Amino acid sequence: MCCSGFLKIMMFVFNGGIFLAGAAILGVGVWVKVDSKSLLGLLESVEDAPSGLSELVYVSYLLIAVGAVLLIIGFLGCCGAVRESRCMLLTFFSIVLIIFLIEVAGAVVLLVFKDVVSLCRKPNRIKLVIYASVNMLHLKKDLKNSAKQVLMDVEDKVRNDIQTHYGKGESLTSLWNATMDQFKCCGYKNYTDFDGSPFYNENGNVYPPTCCNATITTGVCNTKGASISMMDGCFDKLLQFIEDNTVIIAGVALGIAALEIAAMVVSMVLYNKIGNKRS
């Protein structure tokens, strides 16, 4: 009886952690979705963007879905332990196992994408990684090339979108202005992305103010000021943001995975004990 009570307490602890993690992920997903003035919002507005880009711009929906599922898992685990319901415990175990397998696959993709980010930012410093399996080497190489191709293909689309609509389309213009202010960047790659845009033509061949460093230039942001300032492009800023936070994301995912493994073990032990008690 004492052991059964301890298992119930452990189920509450593990599922409480899963429930809180789900609430946090759900909150982040909602925040990303409502934050329309983000770089993801810009990428979503690009016309004729590569189909693979949807995996990036719809990340908010993925976070919301994962958060909601974790909330349900936490509820099932706690309720199943309290009511000693084998059905709920078995359902809980099955869902957690499926989510765990998906998270493992997602972690592999995330690590691959981290290497893609490094490759895009430092093309002359590619690290050679020796794998235990030749098949794994080819798999990672294919995934890396595919992700890199998606990121590079979108450049021409975004540049064309800027040169066609920036300064004329209020929605796109405000999105770019907010993004450049937030990330302290200029254009997709650099200031030349704005050449020939409605803003550039209608304002006497000048660039947005964020394309010039106010500490070293004065007045309007012309070609000379922009070339001297050499502000980073928003694409590089996004890559840096992803690269800086990949380890944190992976750490959180590992913590959740550990909770899920422990919860699965405890749920199965409790499931068997309830079955033995009833028999």
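What is the handedness of the link of Cys186 and Cys211? The link is right-handed, with 80 degrees about the S-S bond. The points below set this pair in its context.

1. Basis of the model. The model is predicted: local features need pLDDT of at least 70, side-chain atom pairs count only at pLDDT 80 or more, and totals for chains, interfaces and linings use all residues. Residues are numbered from 1 along each chain as its sequence is written, and side-chain values use heavy atoms, with hydrogens and water left out.

2. Disulfide count and pairing. A disulfide is taken as a pair of cysteine sulfur atoms within 2.5 Å, and by this rule there are 3 disulfides. When the bonded cysteines of the chain are numbered in sequence order, they pair as 1-6, 2-3, 4-5. Cys78, by contrast, is in no disulfide, and its nearest cysteine sulfur, that of Cys79, is 8.6 Å away.

3. Cys186 and Cys211. The sulfur atoms of this disulfide are 1.9 Å apart. Cys186 is in the loop between α7 and α8, and Cys211 is in the loop between α8 and α9 (223-229), so the bond ties together parts that are 25 residues apart in sequence. Helices are DSSP runs (H or I, at least four residues), numbered from the N terminus. Both Cys186 and Cys211 are buried, where buried means under 20% relative accessible area, exposed means over 50%, and partly exposed lies in between (1.4 Å probe, protein chains only).

4. Cys185 and Cys234. These residues form a disulfide with their sulfur atoms 2.0 Å apart. The torsion about the S-S bond is about 80 degrees, so this disulfide is right-handed. Cys185 lies in the loop between α7 (170-183) and α8 (198-202), whereas Cys234 lies in helix α10 (residues 234-278); the pair therefore ties together parts that are 49 residues apart in sequence. Cys185 is buried at a relative accessible area of 0%, and Cys234 is buried at 1%.

5. Cys212 and Cys221. A disulfide joins Cys212 to Cys221, with an S to S distance of 2.0 Å. Its torsion about the S-S bond is about 85 degrees, so it is right-handed. Cys212 has a relative accessibility of 11% and counts as buried; Cys221 is buried at 5%.

6. Nonpolar cores. A nonpolar core is a set of buried Ala, Val, Leu, Ile, Met, Phe, Trp, Tyr and Cys residues joined through side-chain atoms within 4.5 Å. The largest has 25 residues, of which Met11, Ile73, Leu89, Phe92 and Leu270 touch the most other members. Helices α1 (2-34), α4 (59-83), α5 (86-121) and α10 each supply at least two residues of this core, and α10 gives the most, with 8 residues. Leaving aside residues up to four places away in sequence, Ile73 touches Asn15, Ile18, Phe92, Ile95, Val96 and Ile99, contact meaning heavy atoms within 4.5 Å. A second, separate core of 24 residues includes Trp176, Tyr200, Cys234 and Phe235.

7. Salt bridge. The structure holds 1 salt bridge, defined as a side-chain nitrogen of Lys or Arg within 4 Å of a carboxyl oxygen of Asp or Glu. Asp193 pairs with Arg159, the closest N and O atoms being 2.6 Å apart. Asp193 lies in the loop between α7 and α8 and Arg159 in helix α6 (residues 134-165), so the pair ties together parts that are 34 residues apart in sequence. Asp193 is buried at a relative accessible area of 0%, while Arg159 is partly exposed at 23%.
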